[in-house]
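I opened the notebook to record what I looked up in this model. The entries follow the order in which I consulted it.

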Amino acid sequence: MSYTKRSDGRKMDELRPIITKVGVVPSADGSAMFAQGDTIAIASVHGPRILNPRHQQDPGRGLIRVHYNMLPFSVSDRIRPGLSRRSQEISKVTEWALTPVVMLDDLPGTVVDVHINIQQANAGTRCAGINAAALALAHAGIPMKEMISAVAIGKIDDKIVADITKEEEDYEEGEGATDIPMTFLSNSEEISLLQLDGKIQLKRLKEALEAGKKACKEINKIQEKALKESI
Amino acid sequence: MKRSKNKMTEKEKKETKSEKRQIVIPGEIIAKGDDVLPGDWTIRKDKDIIATRFGVLDKSDRLVKVMPLSGRYIPRRGNVVIGVIEDLTMKGWIVDIEAPYSAFLLLKECPMFIKESEMDSVYNVGDLFVGKIFNVGRGSIDLTTKGRGLGKIKDGIIIKVNPNRVPRIIGKEGSMIKLIKTASDCEITVGQNGLIWIKGEETEDELFAEKAINFVNENTIVEGLTEKVEDWLKKNKKSSKKEEKKE
């Protein structure tokens, strides 16, 4: 039995329904909500402001600092609030994904803080977080070279599927499940994040990247619409 | 004379209409070709001009620029701002002007001679004043209080608005703020950083001015805003007078 039909009835390259809202946190300089099916991420941006402690400042450019956090009630088993190994890793990875797009060279010694909170999780939280963060950064008026979109492509058994859910992530029959989160920049189509959990043939990885590019274009259009309609 | 005036208004209308139409996002290609110059918040990439900030597109003959709709205040030389004293140092005061960096007010940039030991009697921590930015460097903002209308704020009220809406509140050549000033009998100083100082003889006048500014702030995208504000001022002024009569 190979994986021919997706558990929620979607097509192989179909994304979950996306809901976006810009400007959800009034006290922040910029904020956005990005919901992808059952996964809901809220990102708020504070800054640019002076970075303290001083020894962390970069005299050449402004920095970006990401705080990724999953709320205790976001998954069925309550997770311990606060920092965990996983959340620190995702914060760092998100930071690296966002750094190439922001242009903070004119603001040395400053920092832009991005807080990503996952309200509810059903796989693809780091991608939803990056999508929300991109919207929030644009809303906060941070100069950016281009927009950035993220999507989790998966290989379930031998099928390449877009935007996988938790159920698909746990698929164990046949070749099993592989989870490949990736981000694409909107104009240059460069990749700023690519992770892989599982195993995949080199040929199939190229296939997955093509699927990711297509899905990111779709998400980028939704982001554009969300920003333009927020005024 | 009349003809030229009409032309002007038509031009203005066209401008305002196009302003409303195109909202751009970072990375969007807003112009093509070598004969167009990139202005504020745009960069040239090969032959295209790309917006780098979320805002409204402003296209004139050869220059394209983006007017930001949100985000922090970016200090520019010559801006009048309202600042809060953060700290005192040997040479002057450190001032919070809601920009990415703190500003600095040098001791010698005060119009009178001040001894170092008496600095806190002029400006103490938490005091507010109107200053002018005379220099913006890499990571430093210098303020001065030498000039007309600049100096310490002693009474009145301060309100905070989005700094990107300040141009709308001031209006073309100060038309909007003039309207509010005459209607409310208040002195209003609008800081480019989004802080507004209202000073009137009666507290009610000040509150009325605040309401009027909030009305402008909420309706910044509406077309023909000046006329709308005129109507609003008339209506609300009348009602407040009626209340006085009833009393």
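I began with the secondary structure of chain B, which comes to 6 helices and 16 strands; helices (H or I, at least four residues) and strands (E, at least two) are DSSP runs, numbered from the N terminus. This is a predicted model, in which local features need pLDDT of at least 70 and side-chain atom pairs count only at pLDDT 80 or more, while totals for chains, interfaces and linings use all residues. Residues are numbered from 1 along each chain as its sequence is written, and chains are lettered from A and ligands numbered from 1 in the order in which they are written.

**Chain B, overall.** I noted that buried residues make up 32% of the 247 residues in chain B. A residue is buried if 20 or more other C-beta atoms lie within 10 Å of its own, exposed if 12 or fewer, and partly exposed in between, with C-beta atoms placed from the backbone. Of the contacts in chain B with a separation of 6 or more, 56% come from residues 24 or more positions apart; two residues are in contact if their C-beta atoms, placed from the backbone, lie within 7 Å. The domain assignment gives domain 1 (19-68), domain 2 (80-152) and domain 3 (157-240) of chain B, with bounds from an automatic or database domain assignment. I found 31 Å between the centres of domain 1 and domain 3 of chain B, taken over C-alpha atoms.

**Strand E10(B).** I then turned to strand E10 (residues 103-106) of chain B, whose covered face holds Ala103(B) and Leu105(B) and whose uncovered face holds Phe104(B) and Leu106(B). E10(B) pairs with strand E9 (residues 92-96) of chain B in the antiparallel sense over 4 bridges; strands pair if DSSP finds at least two bridges between them. Leu106(B) is the bridge partner of Gly92(B). The hairpin of E9(B) and E10(B) has 6 residues between the strands, and there Glu98(B) takes a positive phi near 65 degrees. E10(B) also runs parallel to strand E12 (residues 140-144) of chain B, joined by 3 bridges, and Phe104(B) has Asp142(B) as its bridge partner in E12(B).

**Interface.** Which count of chain A residues is in contact with chain B? I recorded 25 residues of chain A in contact with 18 residues of chain B. Strand E3 (39-50), H2 and helix H4 (202-228) of chain A each supply at least two residues of the chain A side.

**Asn131(A).** I checked Asn131(A), found in helix H2 of chain A. Asn131(A) counts as buried because it has 31 C-beta neighbours inside 10 Å. Leaving aside neighbours within four places in sequence, its contacts are Phe34(A), Ser149(A), Ala150(A), Ile219(A) and Gln223(A). Asn131(A) and Ile156(A) are 25 residues apart in sequence and 24 Å apart in space, C-alpha to C-alpha.
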